[in-house]
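Subject: Handover of a model, with notes

Dear colleague,

I am passing on the structure we spoke about, and would be glad if you could look it over alongside the notes below.

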Amino acid sequence: NYGQYISKAIKSVLNQSYTNVELIIINDGSTDNSDEVIRALIAKNHSRNIKYVTRKNKGVVYTRNEGLELAKGEYLCFLDADDYFNRNYISKSYKIAKESGADVIYPNWHFVGDWLGRPDTNFPEFKTELLQLQKLHVTPASLIRKSSVKGHKFEVEKVAEDWDFFIGLSLESVKFKLAKDNYINYRIRKGTRGSKNDPKEDTKYFVEILTKYKEKYGDKVIDP
């Protein structure tokens, strides 16, 4: 139900300086004008490589996994409907992927929306421990080599499905690389899942996620 934002998100993909892009739009059961906006944009860009899936609501975890299944490219990245890319976002990340050989290229974040004025992030270079400690964050909008995902899927419904997913990848020796001067435009909105959650409840779920990995990977995981 992000009809007021979805046009900017889609246009930010179609306007990329890197043009060899397959755009998959998944409408997860919206009840606002999202479908109308999406179909109008597809009609105006009928020559572009766009796939549109619309169905009843199944939630963010199901939808991200559906995207993993549908994507045909060597690399993929997710873009939530209320966020958007800068024009050179994909080309910058792709260049770093090719030069470094990394599997996941994660950007810094530029905040838009209800946190205007909050400074951009300045994440450190990747270490698995720093991800587990939440000293850095890897967004689903990162450029991800599809072959590196293997059998991994998004699983956690209540909070931090992306944190859980990328911890799982990092413990399987998937190589991460920071795109220091590349930014995802990340919208902060009141009333979203993340802003409504109780911090104590979130912490409980974070501990559960770390405990799951601690049991499997031992000393590779911090003490939950």
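Predicted model: local features only at pLDDT ≥ 70, side-chain atom pairs only at ≥ 80, totals over all residues.

Residues are numbered from 1 along each chain as its sequence is written, and side-chain values use heavy atoms, with hydrogens and water left out.

The chain as a whole

The chain holds nine helices and seven strands, taken as DSSP runs (H or I of at least four residues for helices, E of at least two for strands) and numbered from the N terminus. For 224 residues a compact globule would have a radius of gyration near 17 Å, and the chain agrees with this at 17 Å; the radius is taken over C-alpha atoms, and the globule rule is 2.2 Å times the number of residues to the power 0.38. The C-alpha trace spans about 55 × 40 × 35 Å along its principal axes. Of the 224 residues, 46% count as buried, where buried means under 20% relative accessible area, exposed over 50% and partly exposed in between, with a 1.4 Å probe and protein chains only. Taking contact as heavy atoms within 4.5 Å, 76% of the contacts between residues at least 6 apart in sequence join residues at least 24 apart.

Helix 1 (residues 3–14) has 12 residues and should span 16 Å at 1.5 Å a residue, which agrees with the 17 Å between its end C-alpha atoms; the expected span is 1.5 Å times one less than the number of residues. Nine of the 12 residues of helix 1 are buried, among them Tyr5, Ile6, Ile10, Val13 and Leu14. The cover over these buried residues includes strand 1 (23–28), helix 2 (34–44), strand 2 (50–55), strand 4 (84–85) and strand 7 (176–188).

Serine 34, in helix 2, is buried, with a relative accessible area of 5%. Beyond its neighbours within four places in sequence, serine 34 is in contact with Asn1, Tyr2 and Gly3.

Aromatic rings

Rings of Phe, Tyr and Trp (its six-membered ring) pair if their centres lie within 6.5 Å, with planes under 30 degrees apart counted as stacked, over 60 as edge-to-face and the rest as tilted. By this rule there are 16 aromatic pairs. The rings of tyrosine 18 and tyrosine 94 have centres 5.1 Å apart and planes at 50 degrees, so the pair is tilted. This pair links distant parts of the chain, 76 residues apart: tyrosine 18 is in the loop between helix 1 and strand 1, and tyrosine 94 is in helix 4 (residues 89–100). Tyrosine 18 is partly exposed at 24% relative accessibility, as is tyrosine 94 at 23%.

The rings of tryptophan 163 and phenylalanine 206 have centres 5.2 Å apart and planes at 70 degrees, so that pair is edge-to-face. Tryptophan 163 in helix 7 (residues 161–170) and phenylalanine 206 in helix 9 (residues 199–217) are 43 residues apart, and both are buried.

With best regards
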